[in-house]
Amino acid sequence: MTPPAHQSARSQAPTGHTGADAFAPRHIGPTGDDARRMLELVGCASIDELIDQAVPEDIRLKQPLDLGGPQGEHETLQRLRKIADKNTVCRSMIGMGYHGTVTPAPILRNILENPLWYTAYTPYQAEISQGRLEALLNFQTMVSDLTGLPLANASLLDEATAAAEAMAMCHAIARQKKPVFLVADDCHPQTIAVVKTRAKSMGIEVRVVTPSQGQEPVGLEDACGVLMQYPTTDGRIEDYAPLAEKAHEAGALLVAACDILSLVLLKPPGAWGADIAVGSTQRFGVPMGFGGPHAAYMATHEKYARKMPGRIVGVSKDAHGNPAYRLAIQTREQHIKRDRATSNICTAQVLLAVVAGMYAVYHGPDGLKQIAERMHGHALTVARGLRSLGLGVTASPFFDTVRVEVGDADEAIAKARKAGINLRKLDNVTLCINVDETTDAGDLDDLFACFGGSTPAEVARPSTPGPFARTGAILAHPVFNQYHSEHEFLRYTTRLAAKDITLADSMIPLGSCTMKLNAASQMLAITWPVFSDIHPYAPADQTAGYAELFKDLETWLAEITGFSAVSLQPNAGSQGEYAGLLAIRRYHESRGDKQRDVCLIPVSAHGTNPASAVIAGMRVVPVGCKGNGDIDIDDLRAKADKYKDQLAALMVTYPSTHGVFETTIKEVCQIIHDHGGLVYMDGANMNAQVGLCRPGDIGADVCHLNLHKTFCIPHGGGGPGMGPIACNDQLAPFLPGDPLTGDGPVSAAPHGSPMILPITWMYIAMMGAQGLTQATQAAILSANYMATRLRGHYDVLYTGESGKVAHEFIIDCRPFEKSAGVRVEDIAKRLMDFGFHSPTMSWPVAGTLMIEPTESESKAELDRFCDALITIRGEIKRIETGDLDKDDNPLKHAPHTAAAVSDDHWPHTYPRSLGAYPAPWLREHKYWPPVGRIDNPYGDRHLVCTCPPISDLSED
């Protein structure tokens, strides 16, 4: 932000990069005269005066952040390229759930790199999210079809966490009466590790068993579930039908962790008795990316729908009787159930699920079979060739991974590395060799040369063993069979994108969600092969670039938060909460304080807070809030005193979820410390802190950061996200460990989702300390400007002692229900007619809207949104005075579709023009909602979560 007039010297840090390549002026919306006019309206002579009024003096930074000055976009990309080039991309034959894949160019360019897809928000407002909801329904249909189970969700974070979620689901279905979960020892090792972490915190005993020897696992009668890998981590295809039958007889569920591509050829788990299937869809066109992000999946039977974690897309109907998509059942589960939620998952991996689903749409069933059969043929060729060299190759059926005894595994791996090939060491004498979609004849030649042989004359023909072969058609729905030409595929994905409101259309002012600019220069590097084509367990000498990137980010994030240690492993904000609370639990246990398990949480907290506390093994005790929204200090002190011997932690969001910098925050932290607890700060509102204050200085012991909010990773329509945690010295030893060698991992890969970390690296490097501080100031200025403009039309519920808000604020819509019969939902839907996504609705206070503009929106866009809300208030006034009918008005029937407005029959008492064009700018450009208001209860009563037959979509 260009410093406003009369700005004091303490805001005027060195200017840094000021040329045409400077990034901060392109990132920050309010500049120059616009910023001055905004300050005038809020009654401040300078930005410093506003910050003095909004942010308590005792928590303010006394000196600028030590991050260096801003850099230009071009020079920063060049610097990042030099770092990236320190990575070495080798041919990965490691497998273990991560595989080389080919992202079809139309998917890469038109979805993964397209802001119409990656800047969307989670589709809570379904009417303006029909495009990605349909894409997610394709994903669910694909997963359901390939697993042979009728109900799939819209993605989870990674395969290992999906397995942990399945364990929790089994435990819940057993009503917590069977606290044992069996895990096969031939599951992927990172999966076993993450499941153990979750089990320990939930009080579940994990027993690692060897079921592949044809015997019933010991303890099946005590188990709520059994986890198997299909095929196994070393490639074998086992018959688990007898085990499934025995598990069911014992009252346990069978969970199958499946390779999604193998299911194109293999008998689906639903056909041999699995109750839950989980896995990763990474090899459906999503790059390895050194571990993520990737869309995991889960499928099960419909009777377990309400126990299923994550989001489920369902089919309902709109106000005109037309089919419409929506999130079903769990739409806002954490906010409703809180500490009784089935999972703490909030962000999933929507963008990657869209990519994986579109991979199936693009290739279709025949294309997927060709890919799978070619891969299987290569694996058979590897096995045949190695046998001919006298090496011991497994006799078991396999799909894409060959287990081979080589005598000295380390020597064989070293030879392969010299040839640019990475193999997996299973033990001192055994290797696993995995082939994938990218494997070609040249790779096989080089592989056999490492063992002193040559490729067999013919590539083996694929031949899935009879008992395991899949029968019948797959992916028979028309969506998987009609978009195989690039023109048709391009037009299909473009039609879907046009149905949604994204940041490419207008501001998305969601409170607590920070929908800011995702700059093109930040996004460029994520598909560079030196970042995207690396296996998460590649040798360290091949990943020096990533190591430097991680070191930079850990150093910068530690400086920004005021802490000494950072873990990049949590791959979502919810995972960051979970990891931070686990660190607190482990800290107390290390001191012999195992009884410290009480977590105090204000009643205004985000719903994932209590859900995370529960899965971290804590008991949740709510703390009240006062009428002005602040934490009730007296209630906090009383609860801390009552539980002084059991107190583990306080979870607190700062600024508060009411959009205010509470002046008592240091006192709050001190009360907890005085009673033996630690303070966890939710980083959801960090966009109001960066450069002004720091959690560590305030008194927090650990916090998580939403890189997909404050630090510019796009929301992707509901993921990917990143939730790294920062902490002080006493908690540093208890951060998540490496899944293969450490303790307490929470994600499948050591660094979560590294492929998207260059986005945050670019943002911080280009902004520098000065730019980051100015961004925070602009966010606070924009929120106060909007709050000032809307006062007199709406009541702003909460402010600080000076009458100012932080970076977001809440307007009260409750009075309108009594005066005009207008509910907050009506206002949210009416905003769609103006081309806007609604602010956060009915949270943290029912019947309100929480507005967060961020620093990236111009004054013109802020005014346009304010004008829309003011116009809507005028319409409510007309209802109050009787000028508009209380039941038949544009709010009650919003949103208005083009089909409804242009229909020969117009059943309303208000004119069509009022319904469709309530603001003058809409005459220049109009977004048309593709469906009318959706009937949510109908969708839950008639649960349909796969692509409906074409007959159901016809007008008849």
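Guide: In this predicted model, angles run from 0 to 180 degrees between N-to-C directions, along axes fitted to C-alpha atoms. On that basis, the axes of helix α26 (residues 824–833) and helix α27 (residues 859–881) cross at roughly 125° and come within 10 Å.

Visitor: Why are α26 and α27 called oblique to each other?

Guide: Angles over 145 degrees count as roughly antiparallel and those from 65 to 115 as roughly perpendicular. The crossing of α26 and α27 is at roughly 125°, and the two helices are therefore oblique to each other. The crossing is right-handed.

Visitor: What makes α26 and α27 a contacting pair?

Guide: Contact means heavy atoms within 4.5 Å. I827, R830 and L831 in α26 meet F865, A868, L869, I872, E875 and I876 in α27. By class, seven of these residues are nonpolar, none is polar and two are charged.

Visitor: Why are β15 and β17 said to stand at the edges of the sheet?

Guide: The open sheet has seven strands in the order β15-β21-β20-β19-β18-β16-β17, with mixed pairing. β15 (565–567) and β17 (619–623) each have a single partner strand, so one side of each is left without a neighbour in the sheet. From one strand to the next, the twist averages 20°.

Visitor: How do you know that β20 and β21 pair?

Guide: Pairing requires at least two bridges. Strand β20 (residues 702–704) and strand β21 (residues 725–727) have three bridges, in the antiparallel sense. I725 in β21 is the bridge partner of H704.

Technical notes:
Residues numbered from 1 in each chain as written. Predicted model: local features only at pLDDT ≥ 70, side-chain atom pairs only at ≥ 80, totals over all residues. Heavy atoms only, no water. Helix = DSSP H or I, 4+ residues; strand = E, 2+ residues; numbered from the N terminus. Parallel < 35°, antiparallel > 145°, perpendicular 65-115°, else oblique. Left-handed = near helix turned anticlockwise from the far one by under 90°. Nonpolar A, V, L, I, M, F, W, Y, C, P; charged D, E, K, R; others polar.
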